[in-house]
Amino acid sequence: MIGTVVVYIIMACAIAGAVASAIKPESELGQQFIAGVDSIGPIFLPSAGILASAPYLTAFVEGRVRPGLRCAGSRPGHGGHDVYRC
């Protein structure tokens, strides 16, 4: 419950910064929003790419990797270790 409230507060602040940046970019809130986006950009882009490709990675692992591991007698919890060990 508290975590959800904190996330909503962060979202509200982000929306306020985005609106301030769009309406009056020279305002302090707008400048701080842009500075925050600039500082988090190099971290966000790779994370967003991985999250966007997650459904495709899941389909690949379930369709191609899991059957091979099952044929080899690997248990589900040991699949990653078995691939690493080979």
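Ser 27 counts as buried because its relative accessibility is 18%, where buried means under 20% relative accessible area, exposed over 50% and partly exposed in between (1.4 Å probe, protein chains only). This residue lies in the loop between H1 and H2. The side chain of Ser 27 reaches the backbone nitrogen of Gly 30 at 3.1 Å; a polar contact is a pair of N or O atoms within 3.5 Å, and within protein one must be able to donate a hydrogen and the other to accept it, while residues adjacent in sequence count only if both atoms are side-chain atoms. Gly 30 is itself one of the buried residues of H2.

The model is predicted: local features need pLDDT of at least 70, side-chain atom pairs count only at pLDDT 80 or more, and totals for chains, interfaces and linings use all residues. Residues are numbered from 1 along each chain as its sequence is written, and side-chain values use heavy atoms, with hydrogens and water left out.

The protein chain has three helices and zero strands, in the order α-α-α along the sequence. Helices (H or I, at least four residues) and strands (E, at least two) are DSSP runs, numbered from the N terminus. Of the 86 residues of the protein chain, 12% count as buried. The accessible surface of the chain comes to about 7,200 Å², and carbon and sulfur atoms account for 71% of this area; accessible areas come from the Shrake-Rupley method with a 1.4 Å probe, and for residues only the protein chains shown count as cover.

Helix H2 covers residues 28-71, and its 44 residues should span 64 Å at 1.5 Å a residue, which agrees with the 61 Å between its end C-alpha atoms. The expected span is 1.5 Å times one less than the number of residues. H2 bends by about 55° at Gly 41, with Pro 42 following within four residues; the bend is the angle between axes fitted to the seven residues ending there and the seven starting there. After H2 comes Gly 73, with a positive phi near 85°.

Two C-alpha pairs are listed here.

| Pair | Apart in sequence | Apart in space (C-alpha to C-alpha) |
|---|---|---|
| Ala 14 and Gly 36 | 22 residues | 9.8 Å |
| Ile 34 and Ala 18 | 16 residues | 8.3 Å |

Ala 14 is placed in helix H1 (residues 2-23) and counts as partly exposed at 36% relative accessibility. Ile 34 belongs to helix H2 and, at 40%, is also partly exposed.

Ile 43, another residue found in H2, counts as exposed at 56% relative accessibility. Together with Ile 40, Phe 44 and Leu 45, Ile 43 makes a nonpolar surface patch of about 450 Å².

Methods:
Patches are made of residues with over 30% relative accessible area and no salt bridge: like charges are joined within 9 Å, nonpolar side chains (Val, Leu, Ile, Met, Phe, Trp, Tyr) within 5 Å. A salt bridge is a side-chain nitrogen of Lys or Arg within 4 Å of a carboxyl oxygen of Asp or Glu.
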